[in-house]
Each structure stands twice: as C-alpha cells, then as structure tokens.
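The sequence and structure come first.

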Amino acid sequence: MGKIKIHLIDDHQIVIDGLLAVLKLEDDFEVVGFSLNGENVHERLTKNEADVLIMDINMPEVDGIDVLRDFQEKGAPCKIIVLSSYDDIKVIKEVLNLGVNGYLSKKCAGENIADAIRKVHNGEQYYCDSVKDKMLNAFSESTKNTKKTVTNITKRELEILQLVVKEYTTKEISEQLTISINTIDTHRKNIMKKLNVKNTVGLVKYAIKNDLV
C-alpha cells in the first residue's frame, strides 16, 4: 500500500518545521510539499497529487477561508484538515460548512495529527477534543435557550450525549451516572434515532445543519 501524500500550508516556518519533524516519524506518510501562504493552492495540490492537505486559516494575502471557498467552487483536490489556533465556535462552524474533513487545535496537534491524517484519508472525519467540546457546549446551550425544537432530547439523554462525545465508554457512563448499562444502551439508541445520526461526527453535522451552533 502506498504512502499517504501530505501537503502543508502555514505562514510560520517554525510550524512547518515542527510538522515535518512529527510526520517524518511515520512510515506511511510522505510530505510532498509545503506552502507559506494560500496562493495557487489548488494548482499545487493537483500537481503533486496530495492525498491530505493540512492547513492553517489565518494567513497573509490569501487566507484559509478563501482557499476553502475556492475548493468548494472548483472541487477539493484532496482531503482537508484545518490546523488552527482559532477555537471560536463561529469560525469552526464556517470552516466545517466549507467541507473540511477534520479540525484540530494547534495545542493538541502533536499527539493527534497522525491519527487524524489516517482517519481522514480513510474517509472518516476527525475533530480534536477541544473542538468537539465547543460543538457540544453550543449544542447543549441551544437545547436550553433556543425556541427551536431539538427533537425532544431529554435532560438524561443530554447528559449521556455529553459523555458519549467525550468518548466515555458505556461502562464509564454507567459508573458516572449510576445507571445500568442496558439503560444507557436504550438511551443511546433513542438519541441517535431522534437525531437521525449514527455517531459523534453525525451529531456535529446535525448541529451545523440545523443551525444550532
């Protein structure tokens, strides 16, 4: 099986150098190029046949949002992971609406980047814990403050949902909430049925689609 070809975009050379050092440790990765700005990115990615693009949002001249809008218009040439210091929910929402496959905070990149690349390359989506927490908190607030109907999610279901998003196991949720595993499984099925989703990524998509964040 061939290596995963990766292109990097960040306007700070020190960030590029750090990513190169981390990715070099993985036998199945190959960095095929890097850029210090967002100019002519589509052309570069097409030329070097990158599989995954890792990019910042805040860049001079052509910023990441403009790059993503260009991709949306022309068709993304590869999978896209945003790596950013921004964790504002409005920015996260805008970026996810532009079709990225993953979003990581620069604070957690070192320990999560390899896993994110592999999952995104395999067709999954990847969000680091801080991003998932932001989405969950916004979702939770929407159930309290908005007049919109969130498909009758109960308080207990929301508690379980919060722990599911934080990647607690069923056993851990059982211990945390002092309820049986069978009860948790029933609640979990009801939540997914009400929201018509299958997993945490589905929850994030639901929140964005229904303008809950």
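Is Gly110 buried or exposed? Gly110 is exposed, because its relative accessible area is 58%, over the 50% that marks an exposed residue. The model is a predicted one.

## Gly110 and its setting

Gly110 belongs to helix H5, which spans residues 109–121. Along the chain, Gly110 and Leu23 are 87 residues apart, yet their C-alpha atoms are separated by 9.4 Å.

## Helix H2

Helix H2 covers residues 41–48, and its buried residues are Val41, His42, Leu45 and Asn48. They lie on the same side of H2, because the arc they cover around the axis is only 150°. In general, an α-helix has 3.6 residues a turn, so residues three or four places apart point the same way.

On the face of H2 turned away from the buried side are the exposed residues Glu43 and Lys47. Just after H2, the phi of Glu49 is positive, at about 55°.

## Cysteines

The structure holds zero disulfides. A disulfide is a covalent bond between the sulfur atoms of two cysteines.

Cys78 counts as buried because its relative accessible area is 11%, under the 20% cut-off. Cys128 is also buried, with a relative accessibility of 1%.

How values were computed
Residues are numbered from 1 along each chain as its sequence is written. This is a predicted model: local features need pLDDT of at least 70, side-chain atom pairs count only at pLDDT 80 or more; totals for chains, interfaces and linings use all residues. Side-chain values use heavy atoms; hydrogens and water are left out. Helices (H or I, at least four residues) and strands (E, at least two) are DSSP runs, numbered from the N terminus. Buried means under 20% relative accessible area, exposed over 50%, partly exposed in between (1.4 Å probe, protein chains only). A disulfide is a pair of cysteine sulfur atoms within 2.5 Å. The arc is that of the directions from the helix axis to the C-beta atoms.
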